[in-house]
Amino acid sequence: PGHPGHRWSRPAPQKEEEEEEEEDPVDAMVARTGCAAQHGALQDCMAEQRDWRRCQALVHALRDCMARHERRRQ
């Protein structure tokens with residue numbers, strides 16, 4: 001994926017670590033909801049801006065997508 005996962009504040013892993021690394025469980029959960037695109041866009045914004053307040057539109061888009069997923073499950 002184009003986003004750094006949930007470790008945007010940490011340095012990128014070395015190549016060997018990357019190959020051994022398992023899929024992030026949050027990324028896997030989000031993929032099952034159908035909101036991976038919104039999640040990825042938010043992760044990209046967080047990595048670039050380093051301030052969640054500057055990514056509010058994307059936070060809301062992900063929240064809305066997750067809410068739609070919850071309504072479909074019920």
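View 1. Asp51 has its place in the loop between α3 and α4, in a model that is predicted. With a relative accessible area of 17%, Asp51 falls under the 20% limit and therefore counts as buried. The side chain of Asp51 is joined to the side chain of Arg53 by a polar contact of 2.9 Å. Arg50 lies in this loop between α3 and α4 as well, and its relative accessibility of 48% makes Arg50 partly exposed. The phi of Arg50 is positive, near 55°, in a residue other than glycine.

**View 2. The disulfide between Cys45 and Cys55.** The sulfur atoms of Cys45 and Cys55 are 2.0 Å apart and form a disulfide, one of two disulfides that the structure holds. The torsion about this S-S bond is -90°, and the link of Cys45 and Cys55 is left-handed. Because Cys45 lies in helix α3 and Cys55 in the loop between α3 and α4, the pair ties together parts that are 10 residues apart in sequence. Cys45 is buried, with a relative accessible area of 13%, and Cys55 also counts as buried, at 1% relative accessibility.

**View 3. The disulfide between Cys35 and Cys65.** A disulfide joins Cys35 to Cys65, with an S to S distance of 2.0 Å. The torsion about the S-S bond of Cys35 and Cys65 is about -95°, so this disulfide is left-handed. The pair links distant parts of the chain, 30 residues apart: Cys35 sits in the loop between α2 (25-33) and α3 (36-49), whereas Cys65 belongs to helix α4 (residues 56-73). Both Cys35 and Cys65 are buried. When the bonded cysteines of the protein chain are numbered in sequence order, the pairing reads 1-4, 2-3.

**View 4. The largest nonpolar core.** Eight residues make up the largest nonpolar core, namely Val30, Cys35, Leu42, Cys45, Met46, Cys55, Leu62 and Cys65. The elements that give two or more residues to this core are α3 and α4, and the largest share, three residues, comes from α3. In soluble globular proteins, nonpolar side chains tend to be buried together. Across the protein chain, buried residues make up 26% of the 74 residues.

View 5. After α2 comes Gly34, whose phi is positive, near 90°. Within α2, the residues Asp27, Ala28, Val30 and Thr33 are buried, and the buried residues of this helix pack against α3 and α4. Val30, one of the buried residues of α2, is also among the members of the largest nonpolar core.

**View 6. The crossing of α2 and α4.** The axes of α2 and α4 come within 10 Å and cross at roughly 65°. The contact is made by Met29, Arg32 and Thr33 of α2 together with Met66, His69 and Arg72 of α4. By class, this contact of α2 with α4 comprises two nonpolar, two polar and two charged residues. Thr33, which takes part in the contact with α4, is among the buried residues of α2.

**View 7. Ala61 and His39.** Ala61 is found in helix α4, where its relative accessible area of 30% makes Ala61 partly exposed. Ala61 and His39 are 22 residues apart in sequence, and their C-alpha atoms are 8.7 Å apart in space.

**View 8. The protein chain as a whole.** Among contacts between residues at least 6 apart in sequence, 56% join residues at least 24 apart.

Note on methods. Residues are numbered from 1 along each chain as its sequence is written. This is a predicted model: local features need pLDDT of at least 70, side-chain atom pairs count only at pLDDT 80 or more; totals for chains, interfaces and linings use all residues. Side-chain values use heavy atoms; hydrogens and water are left out. A disulfide is a pair of cysteine sulfur atoms within 2.5 Å. Helices (H or I, at least four residues) and strands (E, at least two) are DSSP runs, numbered from the N terminus. Buried means under 20% relative accessible area, exposed over 50%, partly exposed in between (1.4 Å probe, protein chains only). A nonpolar core is a set of buried Ala, Val, Leu, Ile, Met, Phe, Trp, Tyr and Cys residues joined through side-chain atoms within 4.5 Å. Contact means heavy atoms within 4.5 Å. Axes are lines fitted to C-alpha atoms, for helices over the stretch in contact, and angles run from 0 to 180 degrees between N-to-C directions. Ala, Val, Leu, Ile, Met, Phe, Trp, Tyr, Cys and Pro count as nonpolar, Asp, Glu, Lys and Arg as charged, and the others, Gly among them, as polar. A polar contact is a pair of N or O atoms within 3.5 Å; within protein, one must be able to donate a hydrogen and the other to accept it, and residues adjacent in sequence count only if both atoms are side-chain atoms.
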